[in-house]
Amino acid sequence: MKGTVLYHSRTGNTRKMAEIIAEGMERVSHTQARAMSIEEVDEEWLKESVCIVVGSPIYHASMSGEMKVFLEKMGKYGIAGKLGGAFATANYIHGGGELGIQAILDHLLVYGMLVYSGGGSQGKPVIHLGPVAIAGRLEESRETFELYGQRMAQKAAELFEKV
């Protein structure tokens, strides 16, 4: 089973957290995951992925402009019916991370993706919409981001793996 963590990153923070999510995905048996920048998308890999997590830095309480432009064209990758999720990096705790995540999820829903985060159903840490990491404190979020990737891959396996 393949998973993709797509991201846009100007400073490297979002890239780092995307890589951690991919590491978490790979902890699930039979899962191959890759983190990739929206500027360097492996189209074949993305089309074969059943779980796609999208992440963006937060600017002005929303996703980056580059991510918004990318999401508006994402339907060409055949993502309908696949499992999707979102994450963000922000400069401040109340910098709008949850708003950016919600905007990403809205795009995924419009394309017909199934969205998931685990919410409170998986216990602590509770990840309602998706995780947010704060610049300068990324390592504090490592465990949560890794666990998020693992939860996403587990749900994808539950939904899509043929047993």
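**Helix H1**

I started with what the buried residues of H1 pack against. They pack against strands E1 (2-7), E2 (32-37), E3 (51-59), E5 and E7 (132-134), and against helix H5 (142-160). I note here that the model is a predicted one.

Next I looked up which residues of H1 are buried. Thr 14, Met 17, Ala 18, Ile 20, Ile 21, Ala 22, Gly 24 and Met 25 are. The helix covers residues 13-25, which makes 13 residues. From the first C-alpha of H1 to the last I read 19 Å, close to the 18 Å expected at 1.5 Å a residue.

**Helix H5**

I then turned to H5, which has 19 residues. H5 reaches 27 Å between its first and last C-alpha, close to the 27 Å expected. Its buried residues are Phe 145, Glu 146, Tyr 148, Gly 149, Arg 151, Met 152, Ala 153, Lys 155, Ala 156 and Ala 157. I looked up their packing partners and found H1, E3, E5 and E7.

**Strand E5**

How many of the residues of E5 are buried? I found 8 of the 8, so the strand is largely enclosed by the rest of the structure. Leu 83, Gly 85, Phe 87 and Thr 89 point one way from E5, while Gly 84, Ala 86, Ala 88 and Ala 90 point the other way. Both sets are buried.

I listed the pairings of E5 one by one. With E3 it pairs in the parallel sense over 7 bridges. With E6 (residues 114-115) it also pairs in the parallel sense, over 2 bridges. Here Gly 84 stands opposite Val 115 in E6. E5 and E7 run parallel and are joined by 3 bridges. In E7, Val 132 is the bridge partner of Ala 88.

**Thr 89**

I read 5% relative accessibility for Thr 89, so it counts as buried, the cut-off being under 20%. Thr 89 is the bridge partner of Pro 57. What is Thr 89 in contact with, leaving aside its neighbours within four places in sequence? I found Asn 13, Thr 14, Met 17, Ser 56, Pro 57, Ile 58 and Ala 133.

**Aromatic pairs**

I searched the whole structure for aromatic pairs and found 2. Phe 70 and Tyr 77 have ring centres 6.0 Å apart and planes at 25°, so this pair is stacked. Phe 70 counts as buried at 11% relative accessibility, and Tyr 77 counts as buried at 6%.

Phe 87 is buried, with a relative accessible area of 0%, and Phe 145 counts as buried at 0% relative accessibility.

**Charges over rings**

I also looked for charged side chains over rings. Arg 10 lies over the face of Tyr 59, 4.2 Å from the ring centre. Arg 34 has its charged end over the ring of Trp 45, at 4.9 Å from the centre of that ring.

**Nonpolar cores**

My last entries concern the nonpolar cores. In soluble globular proteins, nonpolar side chains tend to be buried together. Which residues of the largest nonpolar core touch the most other members? Of its 25 residues, they are Leu 6, Ile 52, Val 54, Phe 70, Leu 71, Met 74 and Leu 108. H2 (43-48), E3, H3 (65-71), E5 and H4 (97-110) each supply at least two residues of this core. H4 gives the most, with 4 residues.

Not counting residues up to four places away in sequence, Leu 6 touches Met 36, Val 41, Leu 46, Ile 52, Val 53, Val 54, Gly 55, Met 67, Phe 70, Met 74 and Phe 87. I also noted a second, separate core of 24 residues, which includes Tyr 7, Met 25, Cys 51 and Leu 138.

Note on methods
Residues are numbered from 1 along each chain as its sequence is written. This is a predicted model: local features need pLDDT of at least 70, side-chain atom pairs count only at pLDDT 80 or more; totals for chains, interfaces and linings use all residues. Side-chain values use heavy atoms; hydrogens and water are left out. Buried means under 20% relative accessible area, exposed over 50%, partly exposed in between (1.4 Å probe, protein chains only). Contact means heavy atoms within 4.5 Å. The expected span of a helix is 1.5 Å times one less than its number of residues. Rings of Phe, Tyr and Trp (its six-membered ring) pair if their centres lie within 6.5 Å; planes under 30 degrees apart count as stacked, over 60 as edge-to-face and the rest as tilted. A charge sits over a ring if NZ of Lys or CZ of Arg is within 6 Å of the ring centre and within 35 degrees of the ring normal. Two strands pair if DSSP finds at least two bridges between them. A nonpolar core is a set of buried Ala, Val, Leu, Ile, Met, Phe, Trp, Tyr and Cys residues joined through side-chain atoms within 4.5 Å.
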